[in-house]
Amino acid sequence: MAAAVAERLFRTSSADSIDADLAALWRELAQRDVPIARAVMSNLVVFRDRVAAPDAHVEAVMTDLPLDDVVARHPSRLIVLEHESGREEPDAPFASGVGIATFGPESARYGIEQIVVRAACTEASLPSIVRRLARGDLPTSVWWTEDLAAVPLLESLVTMGRQLVYDSRDWRDVGAALRVLAPFVEEHRVDLADVNWRRLGPLRRALEHAASETGKPVAAAGARVRIAHHRDEASLAWLLAGALMAAAKRPATPPHVEAAETGDAALVVTIEHETERATITLSSAGATVERARAGSPLVVSMPLESEAEAVAAELRLLSQDADLHAALAALVRLF
Amino acid sequence: MTIVIFGGNGDLAHRKLLPALYNLHVDGLLPPRLAIVGVGRKEMTDDAYRDFAKEGIGKFSRRPLDEQAWGAFSKMLFFVNASIDGESGLAPLGAKLDTIEHEGGMKSDRIYYLAVPPTLFAPTVRQLARSRFVARETAADADAPFARIIIEKPIGRDLDSARAINDAIAEVFDERQIYRIDHYLGKETVQNILVMRFANSIFEPLFNQKYVDHVQITVAEEEGVGTRAGYYEQAGALRDMIQNHLLQLLAMVTLEPPHALDADVIRDEKLEVLQSLRPIAGDDVDANVVRASYAAGFITGKPVVGYRQEQGVDPNSRVETFVALRIFIDNWRWAGVPFFLRTGKRLPKRASEISVQLKEVPPILFNARPDARLDPNVLSIRIQPDEGFSFGISSKLPGPDVRPYPVKMDFHYGSTFGATTPEAYERLLLDVMHGDATLFMRRDAVEAAWRWVMPILDHWSRQNAALPTYPAGDWGPAEADRLIEAGGRRWRPL
């Protein structure tokens with residue numbers, strides 16, 4: 001369910017007056033009859049690579065992404081950085097706006113600061129914008145909203161954060177995206193949070209349950225693994241492949257991953273080991289494990305979670321997901 | 001009462017003093033019979049001076065210019081073309097004051113504000129004495145008209161020159177008549193340090209070496225040297241910021257509980273702190289002090305030049321625009337607690353903060369995993385911008401797991417009280433009118449600060465190596481990081 005904005009104040013600003021304009025908005029809100037708490041648990045830097053229309057209003061950015069829904073769930077100082085990489089102008093940033101959105105009932109109303117900066121300046125100068133706008137005493141997460149293969153990560157910007165949030169579902173070319181991600185995986189520079197990885201949760205839990213029932217892993221070393229995926233779910237399939245490879249400690253044969261007709265399922269995984277065969281299906285309803293000579297299928301449901309809820313959940317975790325990191329490390333070695 | 005501003009048509013009067021007085025007027029805090037007389041070498045009529053003031057108020061005042069309020073305020077403004085040169089240079093000022101005070105039915109209470117370069121402090125004071133503008137104040141004649149003097153930093157560029165200025169002023173004014181402004185002390189949040197420490201029972205028991213791991217004081221400026229290259233080339237960050245503002249902040253946050261809120265009681269306690277600073281001299285300077293100057297870089301996305309490329313700066317300048325220090329206070333309360341001070345120009349943002357970091361909880365229970373240590377509790381006092389303070393604690397994240405997450409108990413002046421906080425100059429000018437010197441620096445404190453700083457300056461004066469640099473828009477040089485990281489700590493990003 002989308003978070004309802006009780007009130008939003010927004011005004012265009014300039015790079016030099018962002019703090020003063022925000023302070024003025026808070027003073028304006030302080031005149032209301034309803035007390036409003038200033039809520040901020042972290043900085044959320046949202047990077048977008050865009051060529052906006054020259055007359056586009058900076059406030060429009062707020063409606064393109066579920067930003068209100070994210071920050072309502074995990075209150076963050078929101079800094080949206082719209083970078084026009086096509087035209088570099090040393091005098092950027094050239095447009096900015098500041099706002100405060102309030103949420104919650106009158107008895108517990110809270111306000112979130114939102115800053116939008118549109119810049120076409122050099123990549124080297126982008127960190128100076130974030131340094132200026134972020135609250136340094138709070139953890140910073142960078143949400144890369146672009147496909148990593150199309151808009152590679154800017155190292156200097158990403159490493160300013162403690163956490164990098166991205167969604168591998170956006171990847172058109174899994175190999176290319178992994179190559180971009182490789183230095184961050186190998187050097188543990190930031191905590192990686194893949195929103196898409198959360199969708200594998202039911203499947204991974206189903207495999208754990210199945211293993212605990214039989215006393216041995218479903219995808220034991222030496223197992224033949226085939227992952228058939230819906231044409232839009234290549235990255236999810238590869239994430240699973242990475243997870244299985246990491247769990248099996250470098251199997252001799254990597255999983256076979258292919259796009260196929262999977263019906264309503266995102267993934268259909270078949271695992272064969274000696275005389276055993278298991279089929280695992282992941283759909284929007286959850287994960288189902290069916291094993292030959294076993295009883296009824298094992299089912300783990302998929303939590304209902306919007307994109308905003310998933311991002312907010314990752315922001316709250318704020319620590320390295322060791323399993324994701326191991327899966328990515330296995331994939332980086334493979335690619 | 002009359003406020004006489006020497007340098008009345010200068011930048012400080014234009015940007016700060018006249019807007020501050022206007023705001024006091026709008027708030028109804030000025031005394032009922034007040035005249036403000038600007039003094040300068042330039043020919044200017046009263047009306048021209050009013051235009052000058054109106055422009056400054058329009059640009060720099062905390063409150064917007066209100067025509068009705070301005071109408072009444074402007075009637076208080078006058079200008080005199082006078083000079084401190086010659087026997088009778090100030091005669092026009094005397095005549096003007098006599099006229100204003102006579103026609104206004106005012107007592108001859110006068111405040112002389114020296115908004116002029118420090119080199120003119122002594123000559124101006126001597127001329128005031130020669131022209132019989134000042135009577136030395138004594139406790140016996142409390143009802144006699146008073147004469148007070150306000151001087152701005154820098155009070156000297158070393159201990160000797162500071163003493164010379166203080167001696168010259170002391171020839172004419174008694175110490176109780178002298179108000180040495182450090183505008184940092186006029187900021188609401190700095191005044192709130194005493195309230196926070198001594199009006200709440202939670203903090204003061206923690207403010208000692210038993211609970212405090214370390215303290216950081218940062219005064220960061222986003223601006224470069226700008227139009228002040230001439231002054232700055234003679235000063236540098238240690239003289240410009242540490243010797244006065246940062247040491248004053250340090251004293252406020254570490255002083256012992258005063259037994260009363262009287263000016264001299266509080267100033268005695270601050271002096272105690274300054275006298276307890278462990279000296280840094282000789283090779284200890286290199287181990288405990290880092291200096292650097294800014295190189296070209298970016299500020300909020302815009303490219304800016306390095307310090308040595310700034311207009312008016314020697315291309316081979318060795319003047320520091322950044323200083324970081326590790327300081328110890330050798331008294332019972334703070335023994336062994338490091339204090340890290342840093343200040344610099346062309347840092348990422350304008351921000352000043354005092355942060356008191358408490359010691360970590362033992363590495364058991366929630367702090368047991370070496371790879372997921374808890375954030376320590378930090379009390380941070382934001383001096384500017386977004387004045388207020390916050391206390392960082394760990395709290396359980398909602399959900400089935402027990403996961404601590406760093407959260408803040410946060411107080412903001414702006415959103416709590418809903419009004420702009422008064423500018424420092426407003427409070428300080430008002431205090432001078434009331435004769436309250438609590439927020440002003442006493443001679444002994446100024447000289448104690450210089451006495452502590454001098455060995456560092458002396459050591460630097462014997463060095464010729466190139467200064468480290470840091471890119472404009474960054475938080476300082478790597479050497480400053482190493483200074484604090486040597487003890488397993490790190491600078492708190494602001």
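Two residues count as being in contact here when their C-beta atoms, placed from the backbone, lie within 7 Å. With that in hand, welcome to a predicted model in which 30 residues of chain A and 27 residues of chain B make up the contact between the two chains. The points below start with that interface and then turn to chain A itself.

**Where chain A meets chain B**
- By residue type, the side of chain A that touches chain B has 17 nonpolar, 5 polar and 8 charged residues.

**Overall build of chain A**
- You will find 10 helices and 15 strands in chain A.
- Chain A has a radius of gyration of 22 Å, close to the 20 Å that the globule rule gives for 335 residues, so it is as compact as a globular protein of that length.
- Along its principal axes, the C-alpha trace of chain A spans about 70 × 45 × 35 Å.
- Buried residues make up 50% of the 335 in chain A.
- Among contacts in chain A with a separation of 6 or more, 75% are between residues 24 or more positions apart.

**Two domains in chain A**
- Chain A splits into domain 1 (5-197) and domain 2 (198-301).
- The centres of these two domains, taken over C-alpha atoms, are 36 Å apart.
- Their contact draws 7 residues from domain 1 of chain A and 8 residues from domain 2 of chain A.
- On the domain 1 side, the touching residues comprise 4 nonpolar, 2 polar and 1 charged.

Technical notes
Residues are numbered from 1 along each chain as its sequence is written. Chains are lettered from A and ligands numbered from 1 in the order in which they are written. This is a predicted model: local features need pLDDT of at least 70, side-chain atom pairs count only at pLDDT 80 or more; totals for chains, interfaces and linings use all residues. Domain bounds come from an automatic or database domain assignment. Ala, Val, Leu, Ile, Met, Phe, Trp, Tyr, Cys and Pro count as nonpolar, Asp, Glu, Lys and Arg as charged, and the others, Gly among them, as polar. Helices (H or I, at least four residues) and strands (E, at least two) are DSSP runs, numbered from the N terminus. The radius of gyration is taken over C-alpha atoms; the globule rule is 2.2 Å times the number of residues to the power 0.38. A residue is buried if 20 or more other C-beta atoms lie within 10 Å of its own, exposed if 12 or fewer, and partly exposed in between; C-beta atoms are placed from the backbone.
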